[in-house]
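Take a look at the structure first, then work through the notes below.

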Amino acid sequence: MHLHDFWFLLIAFLWTGYFFLEGFDFGIGVLTKLLARDRTERRVLINTIGPVWDGNEVWLITAAGATFAAFPDWYATLFSGFYLPLLAILVCLILRGVAFEYRHKRAEDRWQRNWEHTIFWCSLLPAFLWGAIFANLVHGVPIGPDKNYVGGLGDLITPYALLGGLVTLLLFTFHGAVFAALKTAGDIRARSRRYAAWLGPVAAVAALPFLGWTQADSGNGRSLVAVAVVVAALAAALVMNARGREGWAFGLSGVAIAASVAMLFLALFPDVMPSSLDPKWSLTAANAAASAYPLKIMTWVGVIMMPLIMAYQAWTYWVFRKRIGTQHIPAAH
C-alpha cells in the first residue's frame, strides 16, 4: 500500500470517528428543543454531553490537520471551494461551545433562552451542512485543470447535496435520541426511546434513496457492502431500542453512521475531489498528496498519537458513564 493510500484511509477513519461522536452531541443539541419539555430537562440533555463534546471535536481538528499535511492540494481546493459552508460550520461550533459554557452563568430567563436557541440552531445547521458538503465531495464539483474550484455557491446547492444534508441531520438526531435514552433516567429516558422509535424509520426513508443514488452514480462492490451494513445496523438499532437495550441500540446507530461515511469514502476512492467538468481534472489520492518524506514522518506521528488519543477519550467516557435525571439538577441552574 502506498503512503498516500494509507493516509486516505486514516483520514476516512478520522471523519468516521468524528461523525460517530459529534453526531450524537449534534443530535442532543437538536433534541433540546424537540424532546425536552422544560428548562430542567434541557439541562439534563446538555449535561449528558457536557464532559465529552469538546473532546469529540478533536477528531475534526485532527482530520483537517491530517488533510492539510497529507493532501495539501485537496485541503486548498476543499477549503476555498467550500469556504462559505465551512465558515458557517466554524461559526456555529464556536457559538455552540460558548453557549454550553455561558448558558448557566446568569439566572435571567432571556439570557438562558437565547443561549438555548443558540445550542439548537448551532447543532442543527452543522449537522445538515456536513452532509451537504460530503455529498458534493462524492458527486463532484467544478474543478479546473489547475486544481482550483471554479464554481460558485450555487453549484453546491443541488438536490443530491440537500438530500445528503437531510440524511446526516436525521441520522445524527436519531443517534442523539438513542444516546439520550442510554444516558438519562426517569421519564426523559422513556421519551427518548419513543423519539428514537420514530426517528429511526424517518432517517432510513431519507438515507436509503441517498445511498442508492450514490451507489448508482459512483459506487462499487465495496460500497454496496457498506450500504447493506447501514440497512442492517439501522434495523437492529430499532429492535434493540424497542427492547430497552440502549447500549446495543447506541452502538448500532453509531455503526449505521460509520458505515454511511465509509460508503461515501469507498465510492470516492481513488479520487478525493472529483471534477464535474472533466474527470482528468479530478484530484486523486495520488496527485493531491504531499511528497513521500512528510508522509513518512506523519505516519510515525500518527501511529504513536492516535492510540493515545483514543485511549484518553475511552477513559473519559468511562469516567462519565452514569445516567443523570432531573433529580440531579439543582433548583437554581
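Let's begin with a pocket: α8 makes the largest contribution to the lining of the second largest pocket, giving three residues. Keep in mind that this is a predicted model. Rolling a probe the size of a water molecule over the atoms is what shows where empty space is left.

- Sorted by class, the lining of the second largest pocket has eight nonpolar, four polar and three charged residues.

**The largest pocket**

- In the largest pocket you'll find about 440 Å³ of space.
- There are 20 residues lining the largest pocket, and Leu-60, Phe-79, Leu-86, Leu-90 and Trp-130 are the closest to its centre.
- Four helices each bring at least two residues to this lining: α4, α5, α6 (83-102) and α7 (109-139).
- The largest share comes from α6, which supplies seven residues.

**The cavities**

- How many cavities of 30 Å³ or more does the structure hold? The count is two.
- The largest cavity has a volume of about 180 Å³.
- Around the largest cavity sit 16 lining residues, with Val-167, Thr-168, Ser-260, Val-261 and Leu-264 nearest its centre.
- Helices α7, α8, α9 (187-218) and α11 (246-268) each give the lining of the largest cavity at least two residues.
- Here α8 turns up again, with the largest share of the lining at five residues.
- Leu-14, Val-58, Trp-59, Thr-62, Met-306 and Ile-309 line the second largest cavity.
- The elements giving two or more residues to that lining are α4 and α12, and α4 gives the most, with three.
- By class, the lining of the second largest cavity comes out as five nonpolar, one polar and no charged residues.

**Where α1 meets α8**

- Helix α1 (residues 3-34) packs against helix α8 (residues 159-183) at an angle of about 80°, and their axes are 7 Å apart.
- That angle makes α1 roughly perpendicular to α8.
- On the α1 side, the residues in contact include Phe-19, Phe-20, Phe-24 and Phe-26, along with Gly-23 and Gly-27.
- On the α8 side, the residues in contact include Leu-169, Phe-172, His-175 and Phe-179.
- The contact of α1 with α8 divides into twelve nonpolar, five polar and no charged residues.

**Where α4 meets α5**

- The axes of helix α4 (residues 58-70) and helix α5 (residues 72-81) come within 5 Å and cross at roughly 120°.
- The two helices, α4 and α5, are therefore oblique to each other.
- From α4, the residues in this contact are Ala-64, Thr-67, Phe-68, Ala-69 and Ala-70, and they meet Pro-72, Trp-74, Tyr-75 and Phe-79 of α5.
- Eight of the residues in the contact of α4 with α5 are nonpolar, one is polar and none is charged.
- Phe-79 takes part in this helix contact, and Phe-79 is also among the residues closest to the centre of the largest pocket.

**Two backbone details**

- As background, most residues other than glycine have a negative phi, and most peptide bonds are trans.
- The peptide bond running from Phe-269 to Pro-270 is cis, with omega near 10°.
- You'll find Pro-270 in the loop between α11 and β1 (271-273).
- Lys-147 has a positive phi, near 70°, and is a residue other than glycine.
- Where does Lys-147 lie? Look in the loop between α7 and α8.
- Lys-147 has a relative accessible area of 27%, so it counts as partly exposed.

Key: Residues are numbered from 1 along each chain as its sequence is written. This is a predicted model: local features need pLDDT of at least 70, side-chain atom pairs count only at pLDDT 80 or more; totals for chains, interfaces and linings use all residues. Side-chain values use heavy atoms; hydrogens and water are left out. Axes are lines fitted to C-alpha atoms, for helices over the stretch in contact, and angles run from 0 to 180 degrees between N-to-C directions. Angles under 35 degrees count as roughly parallel, over 145 as roughly antiparallel, 65 to 115 as roughly perpendicular and the rest as oblique. Contact means heavy atoms within 4.5 Å. Ala, Val, Leu, Ile, Met, Phe, Trp, Tyr, Cys and Pro count as nonpolar, Asp, Glu, Lys and Arg as charged, and the others, Gly among them, as polar. On a 1 Å grid over the protein atoms alone, a cavity is a set of points where a 1.4 Å probe fits but cannot get out, and a pocket is an open set with protein on both sides within 12 Å along at least five of seven lines; lining residues have an atom within 4 Å of a point. Grid points are joined across faces, edges and corners, and a volume is the space filled by probe spheres set on the points. Buried means under 20% relative accessible area, exposed over 50%, partly exposed in between (1.4 Å probe, protein chains only).
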